[in-house]
Amino acid sequence: MAPDPAVPVMRRVLLPAPRSFCAGVERAIEIVERLLERHGPPVYVRNQIVHNAHVVADLEARGAVFVSELDEVPEHALVVFSAHGVAPAVEAEAARRGLDAVDATCPLVAKVHAEARRAADAGDTVLLIGHEGHEEVVGTMGVAPGRTVLVPSAADAAALRVEDEERVTYLSQTTLSVSEVEEIAAALRSRFPRIRGQGAEDICYATSNRQAAVAAVVDEADLVLVVGSANSSNSNRLVELAVASGTAAHLVEDAAAVDPSWLEGAAVVAVTAGASAPPRLVDEVVAVIAAAGPIEVIERPVAEETQEFLLPQRLRGRSDGTPGSGVHHDEVMT
C-alpha cells in the first residue's frame with residue numbers, strides 16, 4: 001500500500017554524543033561567573049573567553065567586558081585570560097601593569113605550552129601544526145617565539161627548512177581534525193625522519209570525541225547541522241568532516257540560522273554542537289526541526305566524558321575572593 005501523502009513522514013533526528021560544552025569550556029565560563037559574583041563588575045576578559053557569541057553576550061550582560069589587548073584594561077583591574085591561552089609576554093605585561101590576572105587557559109592547551117617550552121629549552125625547533133591567526137596558535141607560538149615555526153599544511157611541511165634537522169619536535173593546535181593533523185604529521189615525519197612529537201595526541205579529547213560522534217552517524221544522515229560560532233575551530237572541523245563524507249552540512253549560530261529549505265527531503269538530520277556551544281542551542285534547533293513536521297529524536301552516544309578541571313585555588317571554597325597580583329594558573333582533576 002502506497003503511503004498516504006496527506007500523512008506527514010516521521011523525520012529522524014540523530015543527536016551524536018558527546019556534543020556541546022566540554023570541561024575546559026565549562027571551567028573557563030565558571031571562572032568568569034565566579035569572579036563576577038565575588039568582585040562584581042567589571043571583570044575584564046582578554047579576547048572571547050570561548051568562541052561562542054551566545055556565551056559572550058550572556059557574560060557581557062552580567063558585567064564582563066571583553067577586550068582585544070591588555071592596554072584596554074585599567075591598571076590594577078581584574079582580567080581573565082581566555083581558554084585559548086596567551087603567550088608569556090602577555091602574562092608579563094599583566095604583571096608589569098599590576099593587573100589582577102586569572103588564567104582560564106584550558107589545561108590541555110597549557111599542556112601543549114609546556115611541551116613547546118621543554119622542546120625549545122632542549123634546543124629543538126618546534127613545528128606547530130595549526131591555523132594561522134587562531135588565538136590558541138598565537139599563544140603557543142609565543143611560548144618560544146624564536147624557536148617555533150607554524151606548519152599549516154602538508155605542503156608547507158614538505159618545503160620546510162630548519163636550523164638543525166636532527167633537533168625537531170612537532171606539536172598541534174588542540175582543536176584541529178584528527179585527519180588533518182595526521183596528514184601534516186606524516187609529511188613532517190617524511191621530511192624529518194628524526195623528528196619527535198605528539199601529533200594527533202595533542203588533539204583534545206573533547207575535539208576528537210565530537211568528531212568520532214559525527215563520524216558514527218554521518219553516513220545515515222541526509223543533513224548535518226553543527227551548532228557553533230563561525231570562529232569556533234572545533235565546530236568548523238565537524239562541518240568539514242560531514243562534507244568530506246558526502247553529506248550536506250551547515251554551521252549554524254543558533255536556531256534562527258536554520259534555513260527551512262535545508263530540511264526539504266532530509267529524512268534523517270543529525271544535530272550536534274562544537275565544544276563551546278551551550279547545550280540549550282541544540283534543543284532550540286531540534287525544536288525548529290520539530291516545527292516542520294513530526295520527529296523521532298534518537299541519542300547516539302559514542303563516548304562518555306568524565307574529565308573535570310579544577311578551578312584556580314582562589315575560586316575554590318572561599319567566599320572572600322581576596323585579589324592578589326600576578327597570574328593564577330589552573331589545576332587538573334581527572
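**Entry 1: Arg46 and its surroundings**

I began with the contacts of Arg46 in this predicted model, leaving aside its neighbours within four places in sequence, and I found that Arg46 is in contact with Val67, Ser68, Glu69, Leu70, Val79, Val80, Phe81, Ser82, Val86 and Val90. I then looked up where Arg46 sits, and noted that it lies in strand 2, which covers residues 43-46. Is Arg46 buried or exposed? Its relative accessible area is 12%, and because buried means under 20%, I wrote Arg46 down as buried.

**Entry 2: Arg12 and Glu220**

Next I turned to the salt bridges, of which the structure holds 17. One of them pairs Arg12 with Glu220, and the closest N and O atoms are 3.8 Å apart. I checked where the two partners lie: Arg12 is in strand 1 (residues 11-17), while Glu220 is in the loop between helix 8 (205-217) and strand 10 (223-227), so this pair ties together parts that are 208 residues apart in sequence. For accessibility I noted that Arg12 is partly exposed at 26%, and that Glu220 is also partly exposed, with a relative accessible area of 29%.

**Entry 3: Arg196 and Asp124**

I then looked up the salt bridge between Arg196 and Asp124, in which the closest N and O atoms are 2.8 Å apart. Arg196 lies in strand 9 (residues 196-197) and Asp124 in the loop between helix 4 (107-121) and strand 6 (125-129), so here the parts tied together are 72 residues apart in sequence. Which accessibility class does Asp124 fall into? I found that Asp124 is buried, with a relative accessible area of 2%, whereas Arg196 counts as partly exposed at 34%.

**Entry 4: Arg280 and Glu284**

The last pair I examined was Arg280 and Glu284, whose side chains meet in a salt bridge at 3.4 Å, N to O. How many residues apart are Arg280 and Glu284 in helix 10? They are 4 residues apart in this helix, which spans residues 279-291, and so they are separated by about one helical turn. Arg280 is partly exposed, with a relative accessible area of 41%, and Glu284 counts as partly exposed at 34%.

To finish, I followed the salt bridges that share partners, and I noted that they join Arg12, Glu220 and Arg300 into one network.

Note on methods:
Residues numbered from 1 in each chain as written. Predicted model: local features only at pLDDT ≥ 70, side-chain atom pairs only at ≥ 80, totals over all residues. Heavy atoms only, no water. Helix = DSSP H or I, 4+ residues; strand = E, 2+ residues; numbered from the N terminus. Buried < 20%, exposed > 50% of the residue type's maximum accessible area, 1.4 Å probe, protein only. Contact = heavy atoms within 4.5 Å. Salt bridge = Lys/Arg side-chain N within 4 Å of Asp/Glu carboxyl O.
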